[in-house]
Amino acid sequence: AFERYRAQEPNPEMQENAANALANLIKIPAKDLVPHTLQNAHREINNANPAASKINRDPASEDATGPKGPELEAVKQLAAQGGMEILMDMMRHGLTRLTEAATAAVANAMEGSKENREVFERNGGLEILFRLLKVGDPRMQENAMTALWNLLVDSEEASVAVASRKDCMPSLVQQVLTGTQVGQELAAGAIWKVCSRDASVKDYVAVAVPGLVQLLVGGSPGAQEHAAGALRSASIGSTANKEALFRCGGIQALVAVAKGGGKAAEQACAALVNACTNSEQNQTAAAGNGAIQLLLSVLVEMQGKPQAGEMFECAATGLRNLCDNNAKVQLRLGEAGGVETLVKLLGKDDAGLDEVRMRE
């Protein structure tokens, strides 16, 4: 199909089949993915980079070890024959099944290949993707969203370039609100990624907060992690986003996800910490929905365990932020036995509170 295309004798049906074959050949099996590790917490919990994902990929992973076996050979041949440029050319013309197939192939080709991601970005790939996000059908938008997400992996430059586009946040917000299930999840992850790189885009997130909360309530574990991560980043320094979260029941949803465990719980806990910073209404809502008992139980159960990590730090920081300048919540912490729990932890060398002490 590539040779016929170069000879300017393209057969659209053959090209579509070839693009679909490439999309399937280059898929990286989930077993070849490396788990994502999160960064340390602060008073407002810093933005951890969200994980990489594609249509069939576990959203709780970040970087693949790279394609192997037939996937590796396919990626090499794609690069050697100028395949990315040809697929991108197919994506530029019209809104056809060929465009959809080429977009899926490009999305999968970028997942395990930094070289392909660089070729895509260098040849105007962002312009193509945002056009498809505006005018494509739902399946085409989903493929475009997947390609955009894979482009953001490991690329500070791509994150900055995406954040600088005027159509970036409107497109991502629209995907969160009206996209397919996969599109919503990846758009939430992209908002997380972009907000962690450029604080100025947070002004647009308030409109998407109801959609992010819906992902917390009814989404898959991966969708919950991405939505919580987006709210984690968007809540830092944004009163508007904190108020939007309160209005649509987001505090209750974050507490519920934090109780569920797993990677989504880590992000939900961090988002809760940030949402309650300097927000009396969110502090009160969190306390009223069991956040104090939850955070205390995390401190007790995970104290001294090697895998405690960020969840433990979030619990300690969260209790501080919940009680900050809020006498009613301070009283509820005392009634729940929180003072005794914290005093006991401070007396243990392996409590894991060094980072929290240093921030005071």
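Which residues is Leu-299 in contact with, leaving aside its neighbours within four places in sequence? In this predicted model, the partners are Phe-312, Ala-315, Ala-316, Leu-319, Leu-342 and Leu-345, where contact means heavy atoms within 4.5 Å. Leu-299 itself sits in helix α18, residues 291-302; helices here are DSSP runs of H or I with at least four residues, strands are runs of E with at least two, and both are numbered from the N terminus. Leu-299 counts as buried, at 0% relative accessibility. The cut-offs are simple enough: buried is under 20% relative accessible area, exposed is over 50%, and partly exposed is in between, using a 1.4 Å probe and protein chains only.

A word on the ground rules. Residues are numbered from 1 along each chain as its sequence is written, and side-chain values use heavy atoms, with hydrogens and water left out. Because the model is predicted, local features need pLDDT of at least 70 and side-chain atom pairs count only at pLDDT 80 or more, while totals for chains, interfaces and linings use all residues.

Next, the nonpolar interior. In soluble globular proteins, nonpolar side chains tend to be buried together. The largest nonpolar core here has 108 residues; such a core is a set of buried Ala, Val, Leu, Ile, Met, Phe, Trp, Tyr and Cys residues joined through side-chain atoms within 4.5 Å. Leu-87, Phe-120, Leu-148, Leu-172 and Leu-254 have the most contacts inside this core. Helix α16 gives the most to the core, with ten residues. As for Leu-87, its contacts beyond four places in sequence are with Ala-19, Leu-22, Leu-78, Ala-102, Ala-105 and Val-106.

Two packed helices are described by the angle between their axes and the distance between the axes. Helix α4 (residues 83-92) packs against α5 at an angle of about 145°, and the axes are 8 Å apart. For these values, axes are lines fitted to C-alpha atoms, for helices over the stretch in contact, and angles run from 0 to 180 degrees between N-to-C directions. On the α4 side, the contact is made by Met-84, Leu-87, Met-90 and Met-91, and α5 brings Leu-98, Thr-99, Ala-102, Thr-103, Ala-105, Val-106, Ala-109 and Met-110. Sorted by type, the residues of this contact come out as ten nonpolar, two polar and no charged. In that sorting, Ala, Val, Leu, Ile, Met, Phe, Trp, Tyr, Cys and Pro count as nonpolar, Asp, Glu, Lys and Arg as charged, and the others, Gly among them, as polar.

Charged pairs come next. The structure holds five salt bridges, each a side-chain nitrogen of Lys or Arg within 4 Å of a carboxyl oxygen of Asp or Glu. In one of them, Glu-16 pairs with Arg-97, the closest N and O atoms being 3.0 Å apart. Glu-16 belongs to helix α2 (residues 12-25) and Arg-97 to helix α5 (residues 97-111), so this pair ties together parts that are 81 residues apart in sequence. Glu-16 is buried, at 12% relative accessible area, whereas Arg-97 is exposed, at 61%. Glu-156 and Arg-197 form another salt bridge, with closest N and O atoms 3.0 Å apart. Since Glu-156 lies in helix α9 (residues 156-164) and Arg-197 in helix α11 (residues 181-197), the pair ties together parts 41 residues apart in sequence. Glu-156 is partly exposed at 43%, and so is Arg-197 at 26%. Arg-165 bridges to Asp-167 with closest N and O atoms 2.9 Å apart, and both residues are buried. Through shared partners, salt bridges join Glu-127, Lys-134, Arg-165 and Asp-167 into one network.

Finally, two loop residues. Asn-278 has phi near 55°, a positive value in a residue other than glycine. Asn-278 is in the loop between α16 (262-276) and α17 (280-288) and is exposed, at 63% relative accessibility. Asn-325 likewise has a positive phi near 55°; its place is the loop between α19 (309-323) and α20 (327-335), and it is exposed, with a relative accessible area of 70%.
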